[in-house]
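Let's learn to read a structure by asking simple things of it. Here it is.

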Amino acid sequence: MSGPMLDVQNLSVTFQSDGGPVYAVRDLSLRLAPGEVIGIVGESGSGKSVTMMSVLRLLDTRRTEISATELAVDGQSLLGLPARALQDLRGPVVSYIFQDPLTALNPLLTVGRQLTEGMRRHAGLGRAEARAKALDLLRRVGIPAPELRIDQLPHQLSGGMRQRVMIAIALACDPKLLIADEPTTALDVTVQAEIVRLVQSIQAERGMAMVWVTHDLALLARLADRVVVMYAGRIIEDAPARTLYSSPAHPYTAGLLASTSRIDDPFTEQTSIPGMPPDPRRIAPGCSFAPRCTRALAQCQTVVPPLVQQPDGRRLACFNPLPEAHT
Amino acid sequence: MPLFLFKRFLQALLVLIGVSFSTFIVAHMTGDPVELMARENATLEDKQALREFLGLDRPLAEQYLSFVGKALQGDLGYSFVQQAPVTQLIAERLPATLLLAAAGFVLALLISVPLGIIIALKRNTVWDVVVTALAMIGQAAPGFWIGLMLVVLFAVELKLLPVSGYGGPLYLVLPAITLALQSAARLTRLVRASMLEVLNADYIRTARSKGLRERTILFIHAFRGAMIPVVTMAGLELAELVSGAFITETIFAWPGVGRLAVNAVYQRDFPLIQGVVLMAAAFFVIINFLVDVLYVVIDPRVKLK
């Protein structure tokens, strides 16, 4: 398959809440090549998780309205796909690692049960085959004594081990696209690095495409080929990782970078972006970042800057970007 | 496990002592049973003799201790009014109560569990609104009213079922439904709420992300967790039913423990009141214990210690 692994065009996601509609994702377009690793970064509520959850319709369909002109995984369009057909894609084509392994694992079922049920459903493996494969997976994700752990319950494992189990579950059906939704946020800092390294090495050996959703821009530096920055439900900048870190073009990206602590430069002071992200229930005209932006122009208040392909390979939604190259 | 059993046993003993003591006090506060038992023209001496015969002339503390002492040996005393051992009176009535309780309880579960799950899955639809409203009405409506309405409809108007009494299976239908409807009203709403909570859990989303079938998600991932609070509540419902459905048994002239207790209270039949209440308390303790054991089966995180 030479087409994109993931193709999202003009995606909008709206939640019905008691306080009126919440515009979580607005007019988002994104393509991901096979084997490519991208990071999606943004503050809480910027729509980064919602975007990825809506790909396989994992959001509560009763309260959520999803619209898109294209939504395809591995060449197969998901728009209007019946629920049953969608189930066949969950696991073998796209799989997820979730943020909090304590709540994302069923407390009443053993590790083995939760690890094998996907394989048995999709690959039609027998009990013994599935168990053997599960043991291999547990070994691969670095769980000591897998023969013991496989029959244990999630509460008998540490947080880091639970997340390793979650990763094993995500890998169980050999997905072509792995979506990691803040998989290290709920973990201890020391464990975070191990988990990142583990996922990175598995991605490299399997060559699967990966989307890593996080609010930690520093984390993506060594992980992602490409970084997508979201703000208030929109992509505001999408650039190759190297380009983005060396010369951010959107004032918000620059602000995010400036607020990130750098291990190689402990003397530069961290700065935070003044103001708060906008209320996703109210859509103001113009650029959502304009009220907090020091470079805002008059037209930023009235017109939404379109996401435009730039000559240097990035996509940018800004009328007054930072000048090029200040490495 | 043995330690757990031992602790439970001590707790049960404490509960039963507390119950027997408060029942004893409350029963004696209702007045002197001799005034009710003695013949119209009884003299003061007659009454005093009767009091002595029943042992009511002794100090209260002595009466209580002798009751406890005998109860520990399985002797709950002798009914003042019915002139028979309390244990025998209860044993005669218990089968009817247990039959009614079992029928009502099973029916309540058969109604509430599937219904609760269905309306949880169809939340905020017409089905949900209608069933929830009915459940609230069922919870608010007094049991005697439900019983009487059923009698009016099925016995008096349609003449399908007997009005009251104890006999073949047909006699069981209306009282069992009366009990089941009240129980089911409470349980249905709990099943719905509990199911909704579990269905919103992160691990259900994980199950979905694995591409599992909806029925696997529902029965393997959601159902068990959702049943934990339901088991607690159902245990209490069952304990209440087996200790005698006072009102329902009275309406349907059902010869169970409930009616025995009501009559005992009217007649200030102290030993019988104490016996029935003690039996009810014992049922509560036993069923709560069984519920605890059931938790371990449902939720492997729970360990009996």
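**Reading chain A**

Chain A has 11 helices and 13 strands; helices (H or I, at least four residues) and strands (E, at least two) are DSSP runs, numbered from the N terminus. This is a predicted model: local features need pLDDT of at least 70, side-chain atom pairs count only at pLDDT 80 or more, and totals for chains, interfaces and linings use all residues. Residues are numbered from 1 along each chain as its sequence is written, and chains are lettered from A and ligands numbered from 1 in the order in which they are written.

Q: How do I read the packing of helix 4 and helix 7 of chain A?

A: Two packed helices are described by the angle between their axes and the distance between the axes. Here helix 4 of chain A and helix 7 (residues 159-171) of chain A pack at about 20 degrees, with axes 8 Å apart. Axes are lines fitted to C-alpha atoms, for helices over the stretch in contact, and angles run from 0 to 180 degrees between N-to-C directions. The two helices of chain A are therefore roughly parallel (angles under 35 degrees).

Q: Which residues of helix 4 and helix 7 of chain A meet?

A: Residues are in contact if their C-beta atoms, placed from the backbone, lie within 7 Å. Val111(A), Gln114(A), Leu115(A) and Gly118(A) in helix 4 meet Val165(A), Ala168(A) and Ile169(A) in helix 7.

Q: How many residues of chain A are in contact with chain B?

A: 24 residues of chain A are in contact with 18 residues of chain B. Helix 4 of chain A gives the largest share of chain A's side, 4 residues.

Definitions and conventions
Two residues are in contact if their C-beta atoms, placed from the backbone, lie within 7 Å. Angles under 35 degrees count as roughly parallel, over 145 as roughly antiparallel, 65 to 115 as roughly perpendicular and the rest as oblique.
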